[in-house]
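Here are my notes on the model, as numbered points. Please read them with the structure open.

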Amino acid sequence: MKLILLGAPGSGKGTMAEKLSQEFNLQHLSTGEIFRAEMSKKTQLGMKAQELINQGKLVPDEITINMLKPKIAGKDDYLLDGFPRTIPQAEAIADQKIDAVIYLKISEAAVIERLSGRRICSQCQTGYHLKYVPPKKSGVCDHCNGKLIQRVDDAPEAVQKRFREFNEKTQPLVDYYSKRGLLQTIDAAKSPDQVYAQVWKVVQKLD
Ligand code: AP5
């Protein structure tokens with residue numbers, strides 16, 4: 001099964017991808033996470049991406065496509081989280097037989113609250129939310145005891161820029177995949193369990 005998770009910053013792509021990939025045994029590929037791993041290893045790619053990401057800008061298509069395509073070549077089961085994000089990126093994987101594009105639809109106001117409360121583990125990258133998905137012990141990861149931190153691109157100015165990028169460059173993909181009969185729209189403004197129940201229904205039918 002080949003799936004794409006599409007949605008604004010903070011719409012819940014990472015949260016849903018973690019559950020889905022475990023339950024349906026799919027390889028979870030998050031371009032944001034791959035970039036963050038490269039950034040923490042201070043590789044050439046990470047250094048190039050860091051400045052753009054911290055400002056809330058997209059990484060150029062060519063770099064992102066060259067990074068992602070080899071990871072899906074020859075694979076039958078995967079879940080793309082945060083890719084494609086532009087029409088050229090979608091065209092670059094048009095040869096892939098995608099089963100569904102799950103669009104997590106939510107208002108900008110709702111995601112701003114989510115992003116301001118988000119914390120991630122500095123060691124294993126597990127995501128939390130101070131109010132909706134709190135850790136058992138404040139400031140500490142449930143899984144590895146790592147310190148919880150805020151992402152640099154969750155600062156208010158970077159969030160504003162990420163939204164502009166989303167509206168300009170990613171929103172057109174809703175139409176693109178709808179015309180190809182692949183779009184499945186989910187009401188992402190509900191609780192994590194309620195959102196997952198909707199996503200699960202869609203994916204279960206494909207399995
Ligand atoms: P990326 O990491 O993909 O960031 P994003 O798309 O902005 O998405 P987020 O990770 O912010 O949010 P999410 O939708 O995964 O939500 P989450 O589950 O964490 O990319 C980062 C950057 O990398 C980009 O800005 C760009 O610069 C670059 N990049 C990445 N891919 C690229 C590409 N293809 N091309 C070019 N550049 C690229 O949830 C958010 C919070 O809400 C969490 O705290 C969570 O616990 C909580 N939450 C989740 N669901 C719910 C719910 N239902 N109710 C209440 N709280 C919830």
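1. G74 deserves a look at its backbone. This glycine comes just after α4 and takes a positive phi of about 75°. Bear in mind that the model is predicted.

2. Helix α4 itself covers residues 61-72, which is 12 residues. Does its length agree with expectation or disagree? At 1.5 Å a residue the helix should span 16 Å, and its end C-alpha atoms are 16 Å apart, so the two agree. The expected span takes 1.5 Å times one less than the number of residues.

3. Which residues of α4 are buried? They are T64, I65, M67, L68 and I72. The cover over these buried residues includes two strands, β2 (27-30) and β3 (78-81). Helices α2, α3 (44-55) and α5 (87-92) are also among the covering elements.

4. Now the ligand. The shell around it holds 35 residues, and T15, K57, R85, R118 and R162 come nearest. By class, the shell splits into 13 nonpolar, 12 polar and 10 charged residues.

5. Check the polar pairs at the ligand one by one. R85 places a polar side-chain atom 2.3 Å from a ligand oxygen atom. For T31, an N or O atom of the side chain is 2.7 Å from a nitrogen atom of the ligand. Q89 has a polar side-chain atom 2.9 Å from a ligand nitrogen atom. How much of the ligand does the protein bury? Taken alone, the ligand exposes 1,000 Å², and the protein buries 96% of that.

6. Several elements give two or more residues to the shell around the ligand: α1 (13-24), α2 (31-41), α6 (108-117), β6 (127-129) and α9 (192-206). Which of them gives the largest share? That is α2, with 4 residues.

7. D154 sits in the loop between β7 (148-149) and α7 (156-170). Is D154 buried or exposed? Its relative accessible area is 5%. Buried means under 20%, so D154 counts as buried.

8. The D154 side chain makes a polar contact with the side chain of R118, at 2.9 Å. Leaving aside neighbours within four places in sequence, D154 is in contact with L115, R118, V159 and R162.

Technical notes: Residues numbered from 1 in each chain as written. Predicted model: local features only at pLDDT ≥ 70, side-chain atom pairs only at ≥ 80, totals over all residues. Heavy atoms only, no water. Near = heavy atom within 4 Å. Polar contact = N/O pair within 3.5 Å; in protein donor to acceptor, adjacent residues only side chain to side chain. Areas by Shrake-Rupley, 256 points an atom, 1.4 Å probe, with all protein chains shown as cover. Nonpolar A, V, L, I, M, F, W, Y, C, P; charged D, E, K, R; others polar. Buried < 20%, exposed > 50% of the residue type's maximum accessible area, 1.4 Å probe, protein only. Contact = heavy atoms within 4.5 Å.
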